[in-house]
Amino acid sequence: MAKTIEQVIGENVKRLREKKGMSQAEMGETVGMLLGSKWIPQTVSAAERGKRQFIAAEMLVLADVLGCRVQYLFESQDSSSIRVSETFTYAPDYTSRLDATGVDDEQLRRVYSKLLMTLKGLPAMTATLKEDLQKIEDTTRHAQFLLELDEAPGGDNA
């Protein structure tokens with residue numbers, strides 16, 4: 001079963017905090033001091049249980065306090081998939097992505113390939129459009145010229 005990204009981060013925070021021999025209160029005090037805001041033991045507990053979303057500054061400070069790279073906090077230590085949102089999940093091997101509709105990397109590659117082919121054809125389409133616009137502009141100028149002739153003294157309206 002997939003874990004939420006918050007659960008994965010929380011498990012890693014707890015594992016590293018315990019490895020360092022820090023209590024939740026000690027960690028909260030240190031993190032809070034570096035962030036300039038309170039991190040009481042309940043905040044640490046909620047974070048470790050995956051019940052808290054994190055801001056970028058918190059991730060940087062947590063990694064610093066726990067002595068790891070920020071990326072480590074995002075890595076599942078077991079074979080669980082990581083659910084980032086209701087529609088996007090990383091597979092356990094981290095080499096493929098899955099969403100709720102079951103789109104995998106191969107399907108994404110095919111769509112990308114089709115998109116790339118379409119984009120490569122854009123210059124020819126653009127050239128054709130430019131030619132068509134020039135014809136419309138020329139026709140508009142010609143029509144305007146004819147209207148001006150018609151309205152000029154000595155024209156058909158006179």
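A47 sits in helix α3 (helices are DSSP runs of H or I with at least four residues, strands are E runs of at least two, and both are numbered from the N terminus). This is a predicted model, in which local features need pLDDT of at least 70, side-chain atom pairs count only at pLDDT 80 or more, and totals for chains, interfaces and linings use all residues. Residues are numbered from 1 along each chain as its sequence is written, and side-chain values use heavy atoms, with hydrogens and water left out.

**Around A47**

Is A47 buried or exposed? A47 is buried, at a relative accessible area of 1% (buried means under 20%, exposed over 50%, and partly exposed in between, with a 1.4 Å probe and protein chains only). Leaving aside residues up to four places away in sequence, A47 touches E6, G10, W39, R52 and F54 (contact means heavy atoms within 4.5 Å). E11 is 36 residues from A47 along the chain, and their C-alpha atoms are 8.7 Å apart.

After α3 comes G50, with a positive phi near 75 degrees.

**How α2 meets α3**

Two packed helices are described by the angle between their axes and the distance between the axes. For α2 (residues 24–35) and α3 (residues 41–48), the axes come within 8 Å and cross at roughly 100 degrees. The axes here are lines fitted to C-alpha atoms, for helices over the stretch in contact, and angles run from 0 to 180 degrees between N-to-C directions. So α2 and α3 are roughly perpendicular to each other (that label covers 65 to 115 degrees; under 35 is roughly parallel, over 145 roughly antiparallel, and the rest oblique).

On the α2 side the contact uses Q24, A25, M27 and G28, and they meet P41, V44, S45 and E48 of α3. By type, the residues of this contact are four nonpolar, three polar and one charged. Nonpolar here covers Ala, Val, Leu, Ile, Met, Phe, Trp, Tyr, Cys and Pro; charged covers Asp, Glu, Lys and Arg; the others, Gly among them, are polar.

**The core and α4**

The largest nonpolar core has 22 residues, and M27, L62 and L73 touch the most other members. Such a core is a set of buried Ala, Val, Leu, Ile, Met, Phe, Trp, Tyr and Cys residues joined through side-chain atoms within 4.5 Å. Elements giving two or more residues to this core are α1 (5–19), α2, α3, α4 (56–66) and α5 (70–73). Of these, α4 supplies the largest share, six residues.

M27 turns up again here: beyond its sequence neighbors up to four places away, M27 touches V13, R17, M22, V44, L62, V65 and L66. In α4, the buried residues are E58, M59, V61, L62, A63, V65 and L66, and they pack against α1, α2 and α5. Just after α4, G67 has a positive phi of about 70 degrees.

**Out at the surface**

S79 lies in the loop between α5 and β2 (82–83). With 60% relative accessibility, S79 counts as exposed.

Here are the two C-alpha pairs side by side.

| Pair | Sequence separation | C-alpha distance |
|---|---|---|
| A47 and E11 | 36 residues | 8.7 Å |
| S79 and M1 | 78 residues | 9.5 Å |

**The whole chain**

The chain has six helices and four strands, running β-α-α-α-α-α-β-β-β-α from the N terminus. Buried residues make up 27% of its 158 residues. Among contacts with a separation of 6 or more, 47% join residues 24 or more positions apart.
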